[in-house]
Amino acid sequence: MTQVTQPPADVPPHRYTAELANEIEARWQQYWAEHDTFRAPNPVGPLAEPTHPRANAPKLYVHDMFPYPSGEGLHVGHPLGYIGTDVYSRYQRMAGYNVLHPMGFDAFGLPAELYAVQTGTHPRITTEANIERFKAQLRRMGMAYDPKRWIATIDPGYYRWTQWIFLQIFNSWYDAPSGRARPIEDLIAQYAAGQRSTPDGRPWTELSEVERRRLVDDHRLAYVAEAPVNWCPGLGTVLANEEVTADGRSERGNYPVFKRNLKQWMMRITAYADRLLEDLEPLDWPEPIKLMQRNWIGRSTGAYIDFGTQPPGASAAESASAGAGNKLRVFTTRPDTIFGATYMVLAPEHELVDRLVPEAWPHQTRPAWTGGHADPATAVSAYRAQTAAKTDVERSADAKQKTGVFTGAFATNPVNGARIPIFIADYVLAGYGTGAIMAVPGQDERDWEFAEVYDLPIVRTVQPPSTFDGKAYVGEGPAVNSEFLDGLSIAEAKRRIIRWLVERGAGEAATTYRLRDWLFSRQRYWGEPFPIVYDETGLPVGLPDSMLPVALPEVDDFSPRTYAAEDVTSAPEAPLSRARDWVEVELDLGDGRKRYTRETNVMPNWAGSCWYELRYLDPQNEKSIVDPENERYWLGPRSTSDSGGVDLYVGGAEHAVLHLLYARFWHKVLYDLGHISSHEPFRRLFNQGYIQAYAYTDERGAYVPAAEVAETGGGYAWHGKPVRREYGKMGKSLKNVVTPDEMCAVYGADTFRVYEMSMGPLEVNRPWETRAVVGAQRFLQRVWRSIVDEQTGELRVVDEPADEQSRRLLHRVIDGVRADMEPLRFNTAVAKLIELTNRITAVGGTGTPREVAEPLVLMVAPFAPHIAEELWHRMGHSGSLAYADFPVADPALLVAESVTYPVQVGGKVRARVEVPADAAEEAVREAALAAVAEHLAGREPRKTIVVPGRMVSIVV
RNA sequence: GCGGGAGUGGCGGAAUGGCAGACGCGCGGCGCUUAGGACGCCGUGUCUUCGGACGUAGGGGUUCAAGUCCCCUCUCCCGCACCA
């Protein structure tokens, strides 16, 4: 299917064959490389170039999600988005913009490390070899990347700045009143000046050095915390929430993940939750992606409410009085329903549970509430054990069947003093809100289900409509059974009850988030080392900028200690911790040479891609991440309400939450600290679709080479044996990989590019079909043939005017192609170019008029740049067309001379009339009525609608 | 379960509420050719009594006019998954 076929003997000597295409392509790629054709000038610094043809032009920053350079190389699915941005960039450059379109590599990562563990080859060696391979593939496809701005996250010159940003974050705190990050010195100054009180009220000066550092460390945006984290023994590392699937397994490798309390580095992304949420609104992003980020942040507004509790042995009267027992704080989005709270539920792990549990069941406790246990403590521990044994999958599978157990304790409802039982149940999660709820079965489906199981009272506090026959009612309605709230709407009742609670010190308005702080350390080798050491106190110390980069040490053994996948009791051990002579270090950090211990975790894979949009702008800058002037030019806001950011960012939708949220977070921190002028990294985001492919399995379920499968009558066969077809990813193990290298060899890069762009809208998933690629080749062959004589190789462009019809079509096509480029509708743009080409071919004649040939070649250039350069050159132009002006349509030629109106009678087209384009509406009407006279058969039209330029509709 | 997106020829897909199926693949015919391929030209939604009729997942509605707008149903894909 993809083998190179020798051109048959009678092919004209100058036909645009794959062989010729390959020759042309190699030549022009060489030309572009030698001339650095696609370099973009910066305002200042080493990449500034005042004499560049676009030096003073309006700018456009086009950005791709860069690839991880895997050992397998690119397949035809990978470059879809890259070709798209290449086409767009080439077009905009010709349209007059100073276009920056760089590329780089996200080169830290697990596969190279796993390979290193298996083979002993250093990951840097394999990774750098893969990068070279990728670069060659990209060059072969004719990508017009800026030759001076390649980056790779593994370069010490790059990760030096990743570490620098980490230190910026480490050395900052979030000042909530001003709503931004500030240098940590400002916080220390506030403490020192007494403007901010310490947790226990002692003056700052009385705190010991260590106490002060602990206090300050607790405010840093990057901090070490002992927290429940996702520990994955099978991978030997901890993972971020975002890297764990819904069924509690690692996204990579699919190993079980366990919650363990471990000391890890965290990033205080939660401080930015509101801004990350609110700043989404004006971004030009696909709505589903914005929605996913909103859901992930998960802001909900409501109230904290404090319920009194009755400590073991105390009477109800005592517990109702202030200060008695422990306060039980709940979070609710429906404080208006508090009169309907008929019981409380704590997460099984809630810290208050042990203190609440009495020695014996209260008098007359219902047997169903006790789980059959003799006393509350036994019941609670039994329930906890039962819950812990459940996997997340089982938990969610059991979601409809509510379980729980009574703690034996009671709470007091602050609004009416009602004594209500406290349960523990696994439907309340420890990690959300306060880990405790007031249960209002009347207005909450989950609480209703639980109340049914344990026979708890149900009180409606919102009056459902009379037609409502369901159980819990969550809709709008007037409050009932709620004393002073009765009759109020939900919104009004919320306001009223919160005011009431605040006045009595029993609660406050509150906002909670689903978003958690970002777990930032990994127990791996192949990642950025932290620029952090620990001194004798065990507290972290940020290294000074002058000591960056902290280079990855050479080691013999790259593997983290991994364990049996199910080994819950195991603990992470970082590979770097074994490099003792690196870990133990003597440094002078300002108070003389002292011994320190290095941080042995490395940063997660996301770190390098959190800020690459900045480094492309000034990749050679040794003094700062990016010169402020260069950043302002390429990313700066265009108006006071604009966020700034990349003009077009293209990549897969799978990064909807992880990468895009992290990158936005870092960008905002750098903005707050005054390093950059934009507060969002990506102004416009576009998700390209995926190219998928068929794969075939034989009767044993084994994959057979897809390229060797033939279609039979109604089925598929491999070497005569029937096989089953499935549809999905392209991959080595599925034996259905098609590579761009093969396509370039068999058809040429231009054909490959045109095919990928014409097969459908960029955002849509589509199946790869090698046999359809020939359509793109035929198109380019016709373009070639219209300009070069296939027999002689002579130019067949003539300096004679084009016929009127071709000229009008040309200008319609120019207009249409331009309109298609901005919204990335490349498939329809190519269709228009094919139409124009087919017209030229059909007219034939002695040659192609230059007035059509030249614009055609220029319009083809973004899609098929090599053939366009070659034809442009042969038509007598010197140099590259990369900066030639993209054709502009003549408005006079877009107006048709005459219009054919379809004439509908009763909604059916019965005739057509041709009238001059400037015909008055009345003239069109008369012509139309005359044309359908026999269909009217004497009936008088009730109404005649003339849609100018479109059609005539007659109602009878 | 909740939220989002999408259903158009044999296939990928076009259509500011205004002639459904642009463009391409495939398929059929013709030309060129010893032949095959390549190339060129023509045709290609379904049914048809050759007048037309019916057609955009299914059903209903708004409109002179609906693939497009509204309501209901079905199917597929994506995200979240007891988030109080």
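This is a predicted model: local features need pLDDT of at least 70, side-chain atom pairs count only at pLDDT 80 or more; totals for chains, interfaces and linings use all residues.
Figure 1. Which residues of helix 23 are buried? They are Leu809, Leu810, His811, Val813, Ile814, Gly816 and Val817. These buried residues pack against helix 24, helix 25 (850-860) and helix 27 (891-894).

**Figure 2. Proline 855 in helix 25.** Is proline 855 buried or exposed? Proline 855 is buried, because 20 other C-beta atoms lie within 10 Å, and a residue counts as buried at 20 or more. Leaving aside residues up to four places away in sequence, proline 855 touches Leu810, Ile814 and Pro887. Leu810 and Ile814 are among the buried residues of helix 23. Arginine 925 lies 70 residues from proline 855 along the chain. The C-alpha atoms of proline 855 and arginine 925 are separated by 39 Å.

**Figure 3. The surface near RNA strand B.** There are 63 residues around RNA strand B. Which of them come nearest? Tyr427, Gly433, Gly775, Ala831 and Ser953 do. Helix 24 (residues 826-843) gives the most to this surface, with eight residues. By class, the surface has 28 nonpolar, 19 polar and 16 charged residues.

Figure 4. Strand 1 (residues 59-64) and strand 22 (residues 648-651) run parallel. Three bridges join strand 1 to strand 22. Aspartate 64 stands opposite valine 650, a residue of strand 22. In a regular strand the side chains alternate between the two faces of the sheet.

**Figure 5. Strand 24 and its pairing with strands 28 and 29.** Strand 24 covers residues 691-697. How many bridges join strand 24 to strand 28 (residues 721-728)? Five bridges do, and the two strands run antiparallel. Tyrosine 696 stands opposite arginine 725 of strand 28. Strand 24 also pairs with strand 29 (residues 766-767), in the parallel sense, over two bridges. Glutamine 692 has proline 767 of strand 29 as its bridge partner.

**Figure 6. The hairpin of strand 24 and strand 25.** Strand 25 covers residues 703-704. Strand 24 and strand 25 pair over two bridges in the antiparallel sense. Threonine 697 has tyrosine 703 of strand 25 as its bridge partner. Five residues lie between the two strands of the hairpin. Glycine 701 sits in the turn, with a positive phi of about 90°.

**Figure 7. Chain A as the setting for these views.** Chain A has 29 helices and 35 strands. Its C-alpha atoms fill a box of roughly 105 × 90 × 70 Å, taken along the principal axes. Chain A has 956 residues, and buried residues make up 40% of them. Take the contacts in chain A between residues at least 6 apart in sequence: 70% of these join residues at least 24 apart.

Note on methods
Residues are numbered from 1 along each chain as its sequence is written. Chains are lettered from A and ligands numbered from 1 in the order in which they are written. A residue is near a molecule or strand if its C-beta atom, placed from the backbone, lies within 6 Å of it. Helices (H or I, at least four residues) and strands (E, at least two) are DSSP runs, numbered from the N terminus. Ala, Val, Leu, Ile, Met, Phe, Trp, Tyr, Cys and Pro count as nonpolar, Asp, Glu, Lys and Arg as charged, and the others, Gly among them, as polar. Two strands pair if DSSP finds at least two bridges between them. A residue is buried if 20 or more other C-beta atoms lie within 10 Å of its own, exposed if 12 or fewer, and partly exposed in between; C-beta atoms are placed from the backbone. Two residues are in contact if their C-beta atoms, placed from the backbone, lie within 7 Å.
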